[in-house]
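Here are my notes on the model you sent over. Have it open while you read, and follow the strands as we go.

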Amino acid sequence: MRPVIAVPYFPGSNGDVDSISRIREFGMKPLPLYFHIGDEQRLEQNARILAEQVDGAALPGGFPYEDRIDFGVVPAKITQFSSALRELVEKGKPVIAFCSG
């Protein structure tokens with residue numbers, strides 16, 4: 001069975017398409033998960049998937065709001081995402097972040 005690697009992305013993300021391609025290239029299965037403020041049901045669903053159903057995560061960076069704020073601020077403010085990511089890390093699963101991810 002191929003490892004499933006979550007690729008969370010947010011408004012302003014970039015690099016998610018490249019991340020998905022590289023994950024496939026190395027024989028793993030990418031799982032894109034979109035986290036957008038305003039869709040509570042989808043936020044909760046994707047947070048559960050991130051915390052419980054993947055073998056690791058790759059966090060691409062981005063340029064939100066015309067790069068006027070640091071990209072990490074956006075995901076950190078989404079409680080469902082930050083809690084799920086913390087749970088994934090506490091389980092000892094690998095997480096890689098690049099750019100401002």
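**Notes on the sheet and its helices**

1. Let's start inside the sheet: Pro 8 has Leu 33 in β2 as its bridge partner. Helices (H or I, at least four residues) and strands (E, at least two) are DSSP runs, numbered from the N terminus, and two strands count as paired if DSSP finds at least two bridges between them.

2. A word on the basis. This is a predicted model, where local features need pLDDT of at least 70 and side-chain atom pairs count only at pLDDT 80 or more, while totals for chains, interfaces and linings use all residues. Residues are numbered from 1 along each chain as its sequence is written, and side-chain values use heavy atoms, with hydrogens and water left out.

3. Strand β1 (residues 4-9) pairs with β2 (residues 29-34) in the parallel sense, over six bridges. Val 4 sits opposite Lys 29 of β2.

4. What sort of unit do β1, α1 and β2 make? With helix α1 (residues 16-25) they form a right-handed β-α-β unit; right-handed here means that, with the strands pointing away from you, the path from the first strand over the helix to the second runs clockwise.

5. β1 also pairs with β3, again parallel, over two bridges, and Ile 5 is opposite Gly 56 in β3. Strand β3 (residues 56-59) in turn pairs with β4 in the parallel sense over three bridges, with Ala 97 of β4 as the bridge partner of Leu 59.

6. Put together, that's an open sheet of four strands with parallel pairing, in the order β2-β1-β3-β4. β2 and β4 (95-97) are at the edges with a single partner strand each, so one side of each has no neighbour in the sheet.

7. Now the helices. α1 packs on the sheet and touches β1, β2 and β3 (contact means heavy atoms within 4.5 Å), its direction making about 175 degrees with that of β1. Helix α2 (residues 40-52) lies across β1, β2 and β3, at about 150 degrees to β2. Axes are lines fitted to C-alpha atoms, for helices over the stretch in contact, and angles run from 0 to 180 degrees between N-to-C directions.

8. Last, β1 is largely enclosed by the rest of the structure, because five of its six residues are buried (under 20% relative accessible area, 1.4 Å probe, protein chains only).

Technical notes
Buried means under 20% relative accessible area, exposed over 50%, partly exposed in between (1.4 Å probe, protein chains only).
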